[in-house]
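Subject: Structure for your review

Dear colleague,

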Amino acid sequence: MSSSSLVYRRYGGSLQVDIPTFDVLVEAARIPETQWIATACPLEGLSCDPAFLTFMDLDGNGRIRVAEVRTAVEWAALRLKDRRGADTGSDVLELSALSPEAAALKGAAEVILRTLGAADLGRISLEQVRASDKELRKAGQNGDGIVAPDHLPERLRPLARDIMSSFPEVKNRAGMAGVDRTTLGRFREERAALLAHVAKRADVFVWGAESEGRARRVREVAPLLDTYFVQCRLVAAQPEAAANLRLRAERVEGALGDVAALGKAAGDLPIAPPDAAGVLEWSRLLRGPSYEVLQAFRRDVASPVTGEAERLTDTAWRELSARADAILAWFATRDASPLREHVDALGAVPLEDLDAIDAACQADLALAPTLDAIIELERLVLYQRWLLVFANNFISMPNLYLPKAPALMEKGTLILGGRKYTLSVLVKNRAEHAALAGQGTTCILYVLVAPKDGSPGYEVAVPVTRGRSTDLMVGKRGVFYDVRGQEHDATVTHVIRQPVSLWESMTMPFSRMASFVTGKVEGLAAAGEKTFDATLENGYTQAVTAPPPAAAPAAAPAAANPAGGLAGLVAAGSIAAAALGSSFAFIVSQVKSLTMADVITAGSLIAIVVMAPAGLLGWLKLRRRNLALLLEGSGWALNDRLMLTHGLATLVTRRPRLPQGARVDRRDMIRPALLEQQDEEGESEGLSGWARLGLGVLLVFILLWQVRNPLLAFMCDAKWLSDTSCSVLLPKPAQPAPAAAEAPAK
């Protein structure tokens with residue numbers, strides 16, 4: 001294909017490249033990014049398969065950019081020679097549609113189909129690809145080289161479990177513990193080392209079967225005998241030091257009578273008097289705390305090993321300690337081996353069994369390329385299903401303007417106040433979104449959606465393009481249907497108020513004036529009520545605290561101050577009533593002098609003066625409405641303004657008509673029910689029928705009286721009345737005064 005095959009279409013004032021097929025998409029992906037509608041978008045808020053978005057986000061930063069879309073298109077185009085499945089957005093991949101570059105993917109698909117036992121081996125669905133992972137794992141084919149004992153021959157399972165128990169646990173992709181080649185290699189090394197160590201046992205166990213017990217007895221008394229022979233060397237080098245190794249007399253005297261102190265003092269003595277020759281005479285052992293332990297050591301270990309029952313030399317003790325240390329070191333090395341619990345059975349492990357387990361691990365590891373190809377196979381199926389759809393919501397956005405195909409960024413439909421709002425986008429941070437969207441001229445609702453299943457709620461931004469924005473307020477409730485058709489509760493949390501229609505923009509000044517006047521009147525009423533209550537309270541207080549009327553001098557101040565108390569209140573009320581009456585009389589007299597034509601003309605002039613500028617400003621605002629700010633507030637990067645035309649406004653917000661064939665009964669069903677209830681209960685509220693008729697006649701008379709002169713003149717001009725009647729009914733024009741009469745006045 002070439003760029004000459006590309007077609008650009010206009011959607012609501014936005015020029016967008018038309019991408020009907022995957023072949024066109026391949027060419028459209030090469031156009032300059034300045035001609036793309038979007039250059040970046042977040043993963044959140046898109047109504048498509050999350051795995052597809054993860055595959056598209058190559059760098060994992062949570063956003064999809066132009067370069068990543070181009071890479072995805074090129075990757076899919078290289079592996080699909082037949083792109084009819086991508087044109088229809090099918091999630092079933094025909095294996096015959098794969099190109100030679102997708103040979104590995106085709107092999108992976110065949111493995112999956114055989115594993116699942118599929119009847120049709122010529123096609124594979126996204127569901128089968130995803131189900132294969134579990135089935136392959138269940139069959140022990142993980143591709144990670146970790147083989148669970150249950151997937152080994154019966155004769156190898158005990159050995160595999162022994163190996164697993166000796167080393168840290170490793171799990172395969174299916175979550176099952178098993179053996180891998182690394183663990184098997186460690187087992188071989190540790191086994192060889194432990195068997196070699198066990199072979200040295202005869203050289204170390206010089207005392208036969210009693211070697212371990214005697215070595216531990218030697219280690220037990222080693223601190224005592226090591227200390228004694230050091231003391232012997234000290235005495236040999238400095239004989240006078242022998243006196244310092246004895247207890248001083250004052251310490252013994254101080255401990256007399258205190259058993260604990262005597263025991264502690266005896267414990268500080270040497271086990272025997274140090275001999276400069278380095279010999280321990282067993283008969284010279286002092287009866288200290290360790291006396292019994294040393295006698296038992298002499299009897300069970302020292303005498304049988306050295307052959308001397310009465311003495312132990314320094315040289316014999318050192319030799320004895322060295323042999324005991326070697327025996328205990330042998331045990332320490334054995335116990336440090338991870339295979340110590342199986343030491344007796346290691347020699348009987350056949351090398352052939354180890355080789356068989358190793359071969360099973362290698363066979364599983366050889367499946368890694370196939371299993372990796374399964375991941376790429378899932379990528380290709382997802383690209384075939386979603387890539388063309390995504391391009392028509394990224395490179396172009398026709399779905400944003402067409403009601404039959406919802407755009408990917410749409411979250412659902414809001415039903416609120418008798419209207420249907422079909423466009424909504426996800427909002428992660430309302431403050432940031434409102435700060436950006438508030439710079440535009442579109443009325444926007446922020447609605448909190450609360451799913452009924454208890455899952456976390458989320459907030460959406462909904463543009464209002466028809467109706468009246470004054471009917472929308474925070475806290476108003478509605479119903480929200482997501483793209484899957486599930487119903488949720490919805491509550492308005494914030495409103496960016498802008499004129500929605502030309503009529504609303506023209507009448508908005510009157511609404512503001514009405515609100516202003518109403519607010520002022522309510523404020524004056526509240527202030528007057530407060531003043532009236534305060535005056536009443538003040539008058540009552542003065543009346544209660546006033547002196548008795550018999551006191552004549554006290555009456556003078558009250559008369560001198562008529563403004564206070566209840567009398568002042570009455571006087572002030574009379575003055576206010578007189579002022580209001582005169583004002584009302586003046587207004588009535590001025591209105592009576594006006595004709596109906598004057599009233600209509602004045603009202604029209606006022607409406608034009610007020611509504612014309614407001615209407616012009618509203619028209620300019622409505623022309624500048626666009627959806628770009630709505631999407632940019634949610635993280636999109638757009639090249640175009642996405643103007644909100646009248647046609648698009650009609651699609652975004654509408655009031656559905658009544659069902660076809662429905663009939664409207666114009667009767668008010670409340671009136672008959674009210675009359676029936678009044679007849680049953682004998683109630684009567686409001687004016688009677690005759691009173692209403694009389695009031696209506698009076699109003700008609702007053703209205704006709706105000707317009708009597710223009711009406712009579714019209715009837716006379718139309719010859720509906722005789723000349724005699726007209727001369728009687730119409731007022732006579734005023735006659736100018738004669739000139740002679742004016743002279744004296746001058």
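Predicted model: local features only at pLDDT ≥ 70, side-chain atom pairs only at ≥ 80, totals over all residues.

The eight-stranded sheet

An open sheet of 8 strands runs in the order E13-E15-E14-E17-E16-E11-E12-E19, with antiparallel pairing. Strand E13 (425–427) and strand E19 (653–654) form its edges; each has a single partner strand, so one side of each is left without a neighbour in the sheet.

Strand E14 (residues 443–451) is joined to strand E15 (residues 458–464) by 7 bridges, and the two run antiparallel. Within that pairing, Val447 has Val460 of E15 as its bridge partner. E14 also pairs with strand E17 (residues 487–496), in the antiparallel sense and over 8 bridges. Here the bridge partner of Tyr446 is His494 in E17.

E17 in turn pairs with strand E16 (residues 477–482) in the antiparallel sense, over 5 bridges. Arg477 stands opposite Thr491 of E17. E16 and E17 form a hairpin with 4 residues between the strands, and in this hairpin Gly485 takes a positive phi near 85°.

A second open sheet is formed by 3 strands in the order E4-E3-E18, and its pairing is antiparallel. Its edge strands are E4 (63–65) and E18 (637–638), each of which pairs on one side only. Strand E3 (residues 38–42) runs antiparallel to E4 and is joined to E4 by 3 bridges. Pro42 stands opposite Arg63 in E4. Helix H3 packs on this sheet, where it touches E3 and E4, and the direction of H3 makes about 70° with that of E4.

H3 (residues 66–79) also meets helix H17 (residues 368–391): their axes come within 10 Å and cross at roughly 115°. The crossing of H3 past H17 is left-handed. On the H3 side, the contact is made by Val69, Ala72, Val73, Trp75, Ala76 and Arg79. On the H17 side, the residues are Glu376, Arg379, Leu380, Tyr383, Leu387 and Phe390. Taken by class, this contact has 9 nonpolar and 3 charged residues, with no polar ones.

Pocket and cavity

Which residues are the closest to the centre of the largest pocket? The pocket itself holds about 430 Å³ of space. Of the 21 residues that line the largest pocket, those closest to its centre are Leu46, Ser47, Lys411, Tyr458 and Arg484. By class, its lining has 10 nonpolar, 5 polar and 6 charged residues.

About 40 Å³ of space lies in the largest cavity. The residues lining the largest cavity are Ala437, Gly440, Thr441, Thr442, Ile444, Arg624, Arg625, Asn626 and Leu629. This lining has 3 nonpolar, 4 polar and 2 charged residues by class.

With kind regards

Notes. Residues numbered from 1 in each chain as written. Heavy atoms only, no water. 1 Å grid on protein atoms, 1.4 Å probe; cavity = no way out; pocket = protein on both sides within 12 Å on 5 of 7 lines; lining within 4 Å. Points joined across faces, edges and corners; volume = space filled by probe spheres on them. Nonpolar A, V, L, I, M, F, W, Y, C, P; charged D, E, K, R; others polar. Axes fitted to C-alpha atoms, helices over the stretch in contact; angles between N-to-C directions. Left-handed = near helix turned anticlockwise from the far one by under 90°. Contact = heavy atoms within 4.5 Å. Pairing = 2+ DSSP bridges.
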